[in-house]
Amino acid sequence: MASFRPHSIHDINLTETPDMKTRITELFGIQHPIIQGGMHYVGFAEMAAAVSNAGGLGIITGLTQRTPELLAKEIARCRQMTSKPFGVNLTFLPALTPPDYPGYIKAIVEGGVKIVETAGNNPQKWMPLLKENGIKVIHKCTSVRHSLKAEQIGCDAVSVDGFECGGHPGEDDIPNMILLPRAADELKIPFVASGGMADGRSLVASLAMGADGINMGTRFIATKEAPVHENVKKAIVAASELDTRLVMRPLRNTERVLKNAAVERLLEKEKALGPKLQFQDIIEEVAGVYPKIMTDGDMEAGAWSCGMVVGLINDIPTCKELIDRIMKQAEDIISNRLQRFL
Ligand SMILES: Cc1cc2nc3c(=O)[nH]c(=O)nc-3n(C[C@H](O)[C@H](O)[C@H](O)COP(=O)(O)O)c2cc1C
């Protein structure tokens, strides 16, 4: 019997990056079942192109572009950087004056983008327009019931986002060890596991629980090509799994963020005001902070989304190095470690 080998990411020595066919690689026409989720002020053309060029699916964050015209330009820029498929994220948020969603969809259609990642509210209203234009839709959900709804309204796939995830985990607090097998038991359409994904171990575990791939947010920020300030990447590498906090729970808009002085202040306000808390009370800590953090590198400027997976991130590779490493580690685990138990 082969001797036991610890499966650290530094312990892999395969020369070729293996291909892996799943329902997700087939659906989106990509080489590896790895998606980069939309991320505000991170998902620019540089990020999406780097992930797609590495064989995954890169995603431009639609609403980071302030107007549909700017999104059209960003899509055109991404086309210059990659000939591979990439997608656009459309996040549907409750807003007094909603963004010009028809305009954004027009930019997507005219830009020839064939994949949209929807998130936030139910995308039902926009499905006919997306489907008429031959766009494949992957909806990000934090519960089995929302995943089933997505399937019912005609989404092609879902991204099942567990409690670990960076950003908005919803209000159910179900971690992926439970959520993924539950989703597998109920869904017919393919899904990717999202939240807490970092390496080949994450990919193999997700496949074992019924997913057809993984979606990563936080891990992709700590890459060479991520178009964010170096301070953000350093903060991710320095943080441990104990360093995220949940904010805005009293507003039923829970967000997982990296702790900093602004987050501590925000949590103090939540504690002091209890159920009386209003969005206005915390506006300073949450509104308009992304450019300050991501572009200027002012790490105390406010609350920014970040997953518990920071505890597993210790370096800043290129997207290709990261994706190749995940695929090689996954193959190594499947063909060596797991075979041994049979
Ligand atoms: C900085 C940051 C910004 C994000 N912004 C968005 C967004 O605008 N829209 C969206 O649908 N998801 C957003 N997300 C969520 C990611 O797409 C993804 O679902 C999540 O990061 C997965 O969890 P992980 O960070 O543990 O990989 C964001 C995540 C991060 C870390």
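These legends describe close-up views of a predicted model. Local features need pLDDT of at least 70, side-chain atom pairs count only at pLDDT 80 or more, and totals for chains, interfaces and linings use all residues. Residues are numbered from 1 along each chain as its sequence is written.

**View 1. The shell around the ligand.** The ligand is surrounded by 29 residues. A residue is near a molecule if its C-beta atom, placed from the backbone, lies within 6 Å of it. Gly-37, Ala-119, Gly-166, Gly-217 and Gly-307 are the closest. Strand E3 (86–92), strand E8 (214–216) and helix H9 (218–221) each give two or more residues to this shell. Helices (H or I, at least four residues) and strands (E, at least two) are DSSP runs, numbered from the N terminus. The shell has 16 polar, nine nonpolar and four charged residues. Here Ala, Val, Leu, Ile, Met, Phe, Trp, Tyr, Cys and Pro count as nonpolar, Asp, Glu, Lys and Arg as charged, and the others, Gly among them, as polar.

View 2. E2 spans residues 58–61 and is covered on both faces. Gly-58 and Ile-60 are buried on one side, Ile-59 and Thr-61 on the other. Buried means that 20 or more other C-beta atoms lie within 10 Å of the residue's own; exposed means 12 or fewer, and partly exposed lies in between, with C-beta atoms placed from the backbone. E2 pairs with E3 in the parallel sense over four bridges. Strands pair if DSSP finds at least two bridges between them. Phe-86 in E3 stands opposite Gly-58. With helix H3 (residues 68–81), E2 and E3 make a right-handed β-α-β unit. Right-handed means that, with the strands pointing away from the viewer, the path from the first strand over the helix to the second runs clockwise.

**View 3. Phe-44 in its loop.** Phe-44 sits in the loop between strand E1 (34–36) and helix H2 (45–53). Phe-44 is buried, because 20 other C-beta atoms lie within 10 Å. Beyond its neighbours within four places in sequence, Phe-44 is in contact with Ile-60, Glu-74 and Pro-227. Contact means C-beta atoms, placed from the backbone, within 7 Å. Cys-78 is 34 residues from Phe-44 along the chain, and their C-alpha atoms are separated by 8.3 Å.

**View 4. The two sides of helix H10.** In H10 (residues 230–238), Val-232, Ala-235 and Ile-236 are buried. Down the helix axis they fall within an arc of 100 degrees, so they line one face of H10. The arc is that of the directions from the helix axis to the C-beta atoms. Glu-230 and Ala-238, on the other side, are exposed. The cover over the buried residues includes H9, strand E10 (255–258) and helix H13 (290–295).

View 5. E6 (residues 157–161) runs parallel to E7, joined by four bridges. Val-160 has Ala-193 of E7 as its bridge partner. The crossover from E6 through helix H7 (residues 176–186) to E7 is right-handed. E7 and E8 also run parallel, with two bridges. Ser-194 stands opposite Asn-215 in E8. From E7, the chain passes through helix H8 (residues 200–208) to E8 in a right-handed crossover.

**View 6. Helix H8 and its cover.** Buried in H8 are Gly-200, Ser-202, Leu-203, Val-204 and Ser-206. Their cover includes H7, E7, E8 and helix H14 (319–338). Gly-210 follows H8, with a positive phi near 110 degrees.

Terms used. Contact = placed C-beta atoms within 7 Å.
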